[in-house]
Amino acid sequence: MKATHFGAGNIGRGFIGLLLHQSGYEVEFVDVNETVIDEINKEKAYRVILANEEKQAFQVKGVSGINSGQAPEAVIQAISTANLVTTAVGPHILKFVAPLIAEGLKKRMQANSQPVNIIACENMVGGSSELKKHVLEKLTADEAAWVQEHVGFPNSAVDRIVPNQHNEKLLDVLVEPFHEWVIDSTELKGTKPDIKEALFVENLQAYIERKLFTVNTGHAATAYLGNLAGHTTIADTISDEKIKQAVLGTLEETGKVLIAKYAFQADEHQKYIEKIIGRFANPNIIDDVQRVGRAPLRKLGAKDRLVAPALEYMNEFDQVPEHLVNVIVAALKFVSEEDQESLTLKEKVQEKGVGPAFSEITGLTLDHPLVEKVVALY
Ligand SMILES: NC(=O)c1ccc[n+]([C@@H]2O[C@H](COP(=O)([O-])OP(=O)(O)OC[C@H]3O[C@@H](n4cnc5c(N)ncnc54)[C@H](O)[C@@H]3O)[C@@H](O)[C@H]2O)c1
Ligand SMILES: O=P(O)(O)OC[C@@H](O)[C@@H](O)[C@H](O)[C@H](O)CO
């Protein structure tokens, strides 16, 4: 079995590549990073090391790489024969990988009628659906009809903290021990892919929202509040009791939304929150607030981890969620010289003022109560 995976970065190598290898797939990584692809083709293997006391290591063997910038034909060929296609490139990159995937499916249509599933493993609701939309835009009506019949785009939720890497060997990846990969079984085509430890569910929306609005909202809150307070890592920030209480307050607000929407048990959800706070505190991981806070324009989007639960909270409880507003304000103040989105955000706020900037980013009107509250606190 062969899997073609787009994005040989932290989660690509440290989670998806590992699980696919352990499930018997030969993994072919596609990336635009020449150094990483060259190293994959030279070493043909790498290690995933667990960030715990034991530092247990797993070998991922038999891997290969394709530089999509230099060898697009090889990517098209790979997709035409793959048994599974996955991505972990970042939500905004999906539209850039879609044209090659579309070309690969066109080639597949000529010679291979085996159904295939394409799974986007990104931190967003509906990642595979969005990728599908971009792919279909590149096809004629006949090609699109073939894809609708033979290609599944099941959405998924992936959870494993993989920080930026500082290992001796370029390809090695240090990852937290916890991991969860949940896949929407209702959108699969053909036989269910054999992926060890992946959970196939019919109610993915509940899983993805629980993950995004708890792990990622909590992570973003820790990063933005930590950054404002002068902390550099997530573990340091969460050991600051005042910030920990603010993060817990934020997760109480998103928890109320999730419990109301999906009827989760309140005590079970509380345990889920506590486990996540424990993951943030892992002393064996150095995770920069700069990584976790990256791309603040995306994270402030109306469907993302801060504004989406804030709006749902207001709809459900007719009140402004004070903790979420506080985190949104901290996000609006996030600046990192290495993060282009944060520099654009800074410029936007300076040029237009915080209200118009936030309104433009979220699509909310200037007189929306959330915008007014954010402006007042800012
Ligand atoms: N790191 C984590 O803890 C984590 C956990 C769960 C989900 N995610 C999600 O996984 C995705 C990737 O995150 P990451 O942390 O691995 O980031 P990363 O930057 O480490 O990896 C992204 C990779 O995609 C590659 N890439 C960029 N443009 C490309 C293109 N056009 N074609 C092919 N490859 C391209 C980059 O070169 C890089 O190697 C994001 O959506 C993120 O939200 C990350
Ligand atoms: O990847 P992002 O930028 O959407 O979010 C940053 C982190 O919160 C994220 O990468 C987490 O580490 C991950 O989602 C844990 O499963």
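# A quick tour of the model

Around ligand 1, the shell is made up of 15 nonpolar, eight polar and three charged residues. Keep in mind that this is a predicted model. The protein chain is assigned two domains, domain 1 (2-202) and domain 2 (205-377).

**Ligand 1**

- Which residues come nearest to ligand 1? They are Gly7, Gly9, Asn10, Glu122 and Asn123, out of the 26 residues around this ligand.

**Ligand 2**

- The residues around ligand 2 are Asn123, Asp159, Arg160, Ile161, Val215, Asn216, His219, Val292, Arg294 and Ala295.
- Sorted by class, the shell around ligand 2 has four nonpolar, three polar and three charged residues.
- Which helix supplies the largest share of the shell around ligand 2? That's helix 7 (residues 204-229), with three residues.
- Both domains take part here: domain 1 (2-202) and domain 2 (205-377) each give at least three residues to the shell around ligand 2.

**The two domains**

- Taken over C-alpha atoms, the centres of domain 1 and domain 2 are 28 Å apart.
- Where the domains touch, 16 residues of domain 1 are in contact with 17 residues of domain 2.
- The side of domain 1 that touches domain 2 is made up of nine nonpolar, five polar and two charged residues.
- The UniProt record, an unreviewed entry, puts the feature "domain: Mannitol dehydrogenase C-terminal" at residues 203-345.
- That span, residues 203-345, is 73% helix and 0% strand, and its end C-alpha atoms lie 35 Å apart.

- One open sheet has three strands in the order 4-3-10, and its pairing is mixed.
- At the edges are strand 4 (57-61) and strand 10 (173-175), each pairing on one side only.
- On average, and ignoring direction, neighbouring strands of this sheet are turned by 25° against each other.
- In general, strands of a sheet pair through backbone hydrogen bonds, and the pairing can be parallel or antiparallel.
- How many bridges join strand 3 (residues 45-50) to strand 4? There are five, and these two strands run antiparallel.
- To see that pairing up close, look at Arg47, whose bridge partner in strand 4 is Gln59, and then at Val48, whose bridge partner in strand 4 is Phe58.
- The hairpin of strand 3 and strand 4 has six residues between the strands, and in this hairpin Lys55 takes a positive phi near 50°.
- Does strand 3 pair with strand 10 in the parallel or the antiparallel sense? The pairing is parallel, over three bridges.
- On that side of the sheet, Leu50 stands opposite Val175 in strand 10.

How values were computed: Residues are numbered from 1 along each chain as its sequence is written. Chains are lettered from A and ligands numbered from 1 in the order in which they are written. This is a predicted model: local features need pLDDT of at least 70, side-chain atom pairs count only at pLDDT 80 or more; totals for chains, interfaces and linings use all residues. UniProt positions are given in the numbering used here, feature names are shortened, and annotations may be inferred rather than shown by experiment. Helices (H or I, at least four residues) and strands (E, at least two) are DSSP runs, numbered from the N terminus. A residue is near a molecule or strand if its C-beta atom, placed from the backbone, lies within 6 Å of it. Ala, Val, Leu, Ile, Met, Phe, Trp, Tyr, Cys and Pro count as nonpolar, Asp, Glu, Lys and Arg as charged, and the others, Gly among them, as polar. Domain bounds come from an automatic or database domain assignment. Two residues are in contact if their C-beta atoms, placed from the backbone, lie within 7 Å. Two strands pair if DSSP finds at least two bridges between them. Axes are lines fitted to C-alpha atoms, for helices over the stretch in contact, and angles run from 0 to 180 degrees between N-to-C directions.
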